[in-house]
Amino acid sequence: MSTQSLGRTVRTVKPIPQARNKFERAMWVFMRYSGLALTFLALSHFGFQHIVIGTHNITTEQTVQMWGESGKSISLNQLAWRTYYMAILGLAMLHGLNGVRQVAWDYIGNNKGLYTLFMGVVAVLSVVVTILGALALIFGATSMK
Amino acid sequence: MKLHLKIKRFNPEKDKKPWWGEYDIEVEPGDRVLDALHEVKWNIDGTLALRRSCAHGVCGSDAMRINGRNRLACKCLVKDEIKNGQITIEPILGMRVIKDMIVDMEPFFAHYRSIMPFLVNDTPLPANGRERLQSPVDRERFDDSTKCILCACCTTSCPSFWARGEYIGPAAIVQAHRFIFDSRDQAAQERLEILSDVDGVWRCRTAFNCTDACPRDIKVTKTIGEVKEALRTGVIQ
């Protein structure tokens, strides 16, 4: 089908059927949006921690104050900080994992067994690292005093 | 001026592994790198093998790695490339070396053929029997991708292609773009299905090496992005 827009012919194609294409297409879109979001999230984190708070003032106590203490109720402000850092953690892990998947496909994609094994190990490690990172975000920080 | 040329040499029939040939020659600053290679081949070592045909940046046969970047030897001046009196030259990466700068281009052309690089239009010709007319705006849409000369500078500068030769590569995608965005063509669906393959357009990581390497200044990465967008939306505009 073709129409005109600003003097230019516009045509449409039927959806491409391959299942893999849908996944790769979704991953492409995800990488673009998550990359953009991570740029702002990481830069604002850097600016807040190193400039607003100051490099020499970053302590466990300050983190407890920001995120709320383990076992105690949290304020709305602390919930916002936890959500902010959960977004950084989640997006960074997924963005990185998909990057590793693509590079792994480049180098060992022809060896299906090795590729599946490698990605399985990477996925398990990613889940473990994410859980470790998320513990304090879910349950609150613990004071070192 | 004096020039020290360091050239990666390899003759699979004689050499076990590639070696560096080093040559000191006298050149004019305005000479092209191709002239320096001719000086070596014609006056120092006739066994040096390289492809070149038009020698004026049109045929695209003398693509090589000059100081680590893919360039056409006939479009680079010695004065622009020389660093500390030296220029380093290697064959383009990711292809089997047949001899010295000559690589086996067949896998590259196989990828090119796979995207059906010809106009497909089964409707009858206009009543006057002449060409299918197109508006200047529609023609301008794919102007950039018509400039490709199939030199392989882009494809062989791509890290994804180095790692995986099955990847269709930037040049084939640019060639597909040339027809997909041509309002007279009717095979966009087939081409997009080919490019949506596992080793199609999604293997591009937007490294921009291809855009840097293109001797025709085609915005290759942008072109690939437009094909991805067409695949995502199903709209070609």
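**Exercise 1. Contacts within each chain**

Task: Among contacts in chain B between residues at least 6 apart in sequence, find what share joins residues at least 24 apart.

Solution. Start with the term: two residues are in contact if their C-beta atoms, placed from the backbone, lie within 7 Å. For chain B the share is 65%. Now take chain A, with the cut-off of at least 6 apart again: 64% of these contacts join residues at least 24 apart.

A note on the source: this is a predicted model, in which local features need pLDDT of at least 70 and side-chain atom pairs count only at pLDDT 80 or more, while totals for chains, interfaces and linings use all residues. Residues are numbered from 1 along each chain as its sequence is written, and chains are lettered from A and ligands numbered from 1 in the order in which they are written.

**Exercise 2. The build of chain A**

Task: List the elements of chain A in order, then explain why chain A is more spread out than a compact globule.

Solution. Step one is the count. Chain A has 4 helices and 2 strands. (Helices, H or I, at least four residues, and strands, E, at least two, are DSSP runs numbered from the N terminus.) Step two is the order: β-β-α-α-α-α from the N terminus on. Step three is the spread. The radius of gyration, taken over C-alpha atoms, is compared with the globule rule, 2.2 Å times the number of residues to the power 0.38. For 145 residues the rule gives 15 Å; chain A has 21 Å, well over that, so it is more spread out than a compact globule. Its C-alpha atoms fill a box of roughly 65 × 50 × 30 Å along the principal axes.

**Exercise 3. Where the chains meet**

Task: Describe the side of chain A that touches chain B.

Solution. First, the count: 22 residues of chain A contact 23 residues of chain B. Next, the elements: strand E2 (8-12), helix H1 (19-54) and helix H3 (76-108) of chain A each supply at least two residues. H1(A) gives the most, with 6 residues. Last, the strands. E2(A) pairs with strand E8 (residues 235-236) of chain B in the antiparallel sense, over 2 bridges; pairing takes at least two bridges found by DSSP. Here A:Arg11 stands opposite B:Ile236.
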